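Welcome! Here is a friendly walk through one structure, with its sequence and model shown just below.

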Amino acid sequence: MKRNIVITGGAGFIGSHVVRLFVNKYPEYNIINLDKLTYAGNLVNLKDIEDKPNYRFVKMDICDFDAFYQLMQDEKIDGIIHLAAESHVDRSIKDPFTFAKTNVMGTLSLLQAAKLYWESLPEKYEGKRFYHISTDEVYGALSMNHPEGIEPPFKTVASSEGHKAYGDDFFYETTKYNPHSPYSASKASSDHFVRAYHDTYGMPTIVTNCSNNYGPYQFPEKLIPLFINNIRNGKPLPVYGKGENVRDWLFVEDHARAIDVIFHKGKINETYNIGGFNEWKNIDLIKVMIKTVDKILGNPEGYSLDLITYVTDRLGHDARYAIDSSKLQRELGWNPSLQFEEGIEKTVRWYLDNQEWMDNITSGEYEKYYQDMYKGR
Ligand code: NAD
Ligand code: TYD
């Protein structure tokens with residue numbers, strides 16, 4: 001079946017993996033990658049598919065209602081997969097306005113343009129879909145009431161060896177929203193708007209909330225690519241607080257596969273949590289990265305441990321995220337494909353093999369931002 005799909009934020013980290021998957025898997029679709037190309041957007045991420053006949057890039061700000069409404073009509077858009085966002089918690093602490101603008105007003109602008117266009121058609125919402133990609137951070141923070149770790153209730157392929165849970169509660173689809181950072185507050189707000197468009201106007205919407213992603217093409221302000229690059233360059237590794245915070249990590253291509261399954265088979269107005277049951281304390285994860293980079297570079301074991309530098313904690317730093325994705329596994333048959341230790345090794349190798357990609361991003365303006373960010377920590 002032919003479909004005309006807009007993927008927003010397709011030049012970013014997760015978006016580029018989603019665009020690549022859809023362009024390669026669905027030659028009959030017309031895929032439009034809509035992206036403003038902020039500091040986080042990089043078309044180099046899509047070099048391998050840019051000439052495919054079913055792919056087109058459009059530079060646009062999601063806040064530009066008129067331009068998006070026109071695009072909907074010109075391209076007869078019947079599906080929207082919305083990933084464009086400001087995505088970094090530390091930036092949101094410094095500049096919350098940009099987050100409200102893009103994440104809240106931008107999402108609302110897309111919803112309203114889609115509503116006006118789809119309601120103008122004879123078939124209205126029939127066969128249409130507005131799929132909004134969100135984060136588990138909207139649920140707030142979980143307690144760390146088992147700091148030494150306990151046997152977890154579930155395991156998946158993604159779960160690391162000797163996998164532990166650091167508390168006995170998890171984020172479920174029914175967990176009440178309780179965002180703490182300006183980033184998660186803006187994402188929570190956008191999630192509410194998406195659901196409101198279903199409840200009020202009958203728009204066919206879906207929301208998914210995913211745990212922390214890792215893998216190739218992630219902007220090096222986020223923990224994993226930042227630390228891989230710093231280890232390679234012998235630069236300090238700024239660990240916030242005591243490094244005891246817990247995150248739940250999923251390989252980005254597994255997230256992209258979940259988005260494919262949910263876009264095609266997910267139920268309208270449902271929420272699905274996406275994650276691999278793979279909790280890690282930051283400091284333990286950092287030691288795995290150090291070991292992996294040192295091994296690949298031929299350094300003696302423990303060589304880069306001295307780079308660990310404890311710095312002032314992030315304001316409002318959420319203690320623990322851990323997501324229960326069993327609904328998605330049970331109802332739609334999705335499962336992660338990659339075990340965490342394999343995924344980290346693959347990721348480290350990718351960054352070390354793609355130094356030019358990293359150097360292009362970390363030179364110039366970003367270097368100045370990075371220095372400012374860590375000044376005084
Ligand atoms: P990213 O920062 O790497 O990429 C965001 C993309 O959106 C960039 O290409 C940027 O140019 C584009 N963009 C930003 N503002 C825009 C605007 N106003 N108009 C058009 N395009 C704009 O982000 P990511 O990590 O790939 O995250 C993608 C989505 O997934 C976000 O909605 C994020 O909240 C969500 N998410 C991310 C994670 C994660 O671990 N990274 C986990 C769960 C959910
Ligand atoms: P990050 O990759 O920014 O993702 P998020 O804040 O959305 O979870 O950070 C992951 C964890 O790593 C988080 O607990 C904060 C911590 N962190 C550091 O300790 N040092 C750093 O330089 C960064 C960027 C993150």
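Lys-281 sits in strand S11, where strands (E, at least two residues) and helices (H or I, at least four) are DSSP runs numbered from the N terminus. Is Lys-281 buried or exposed? Lys-281 counts as buried because its relative accessibility is 9%; buried means under 20% relative accessible area, exposed over 50%, and partly exposed in between, with a 1.4 Å probe and protein chains only. Leaving out residues up to four places away in sequence, Lys-281 touches Met-144, Pro-147, Tyr-166, Gly-243, Glu-244, Asn-245 and Val-246, a contact being heavy atoms within 4.5 Å.

A word on how to read this: the model is predicted, so local features need pLDDT of at least 70 and side-chain atom pairs count only at pLDDT 80 or more, while totals for chains, interfaces and linings use all residues. Residues are numbered from 1 along each chain as its sequence is written, chains are lettered from A and ligands numbered from 1 in the order in which they are written, and side-chain values use heavy atoms, leaving out hydrogens and water.

Next comes helix H8, residues 282-297. H8 has 16 residues and reaches 22 Å from its first C-alpha to its last, close to the 22 Å expected at 1.5 Å a residue; the expected span is 1.5 Å times one less than the number of residues. Among the buried residues of H8 are Asn-282, Ile-283, Leu-285 and Met-289. The buried residues of this helix pack against H6, S8, strand S9 (246-251), strand S11 (279-281), strand S12 (308-311) and helix H10 (340-353). Just after H8, Gly-298 takes a positive phi of about 80 degrees.

Now to the ligands. Around ligand 1 there are 28 residues, of which Ile-14, Asp-35, Ser-87, Tyr-183 and Lys-187 come nearest; a residue is near a molecule if one of its heavy atoms lies within 4 Å of it. The largest share of this shell, three residues, comes from S5. By class, the shell around ligand 1 has 13 nonpolar, eleven polar and four charged residues. Here Ala, Val, Leu, Ile, Met, Phe, Trp, Tyr, Cys and Pro count as nonpolar, Asp, Glu, Lys and Arg as charged, and the others, Gly among them, as polar.

Ligand 2 is surrounded by 19 residues, and the closest are Glu-137, Pro-238, Arg-247, Arg-314 and His-317. The shell of ligand 2 divides into nine nonpolar, five polar and five charged residues. Helix H6 (223-232) and strand S8 (237-240) each supply at least two of its residues.

The table lists polar contacts of both ligands, each a pair of N or O atoms within 3.5 Å.

| Ligand atom | Protein atom | Distance |
|---|---|---|
| Ligand 1, oxygen | Ile-14, backbone | 2.8 Å |
| Ligand 1, nitrogen | Ile-62, backbone | 2.9 Å |
| Ligand 1, oxygen | Asn-213, backbone | 2.9 Å |
| Ligand 2, oxygen | Asn-212, side chain | 2.9 Å |
| Ligand 2, oxygen | Arg-247, side chain | 2.8 Å |
| Ligand 2, oxygen | His-317, side chain | 2.7 Å |

On its own, ligand 1 has 830 Å² of accessible area, and the protein covers 97% of it. Ligand 2 taken alone exposes 510 Å², of which the protein buries 97%. These areas come from the Shrake-Rupley method with a 1.4 Å probe; for residues, only the protein chains shown count as cover.

Finally, Thr-208 lies in strand S6 (residues 205-210). Thr-208 is buried, with a relative accessible area of 0%. The side chains of Thr-208 and Tyr-131 are joined by a polar contact of 2.9 Å.

Key:
Polar contact = N/O pair within 3.5 Å; in protein donor to acceptor, adjacent residues only side chain to side chain.
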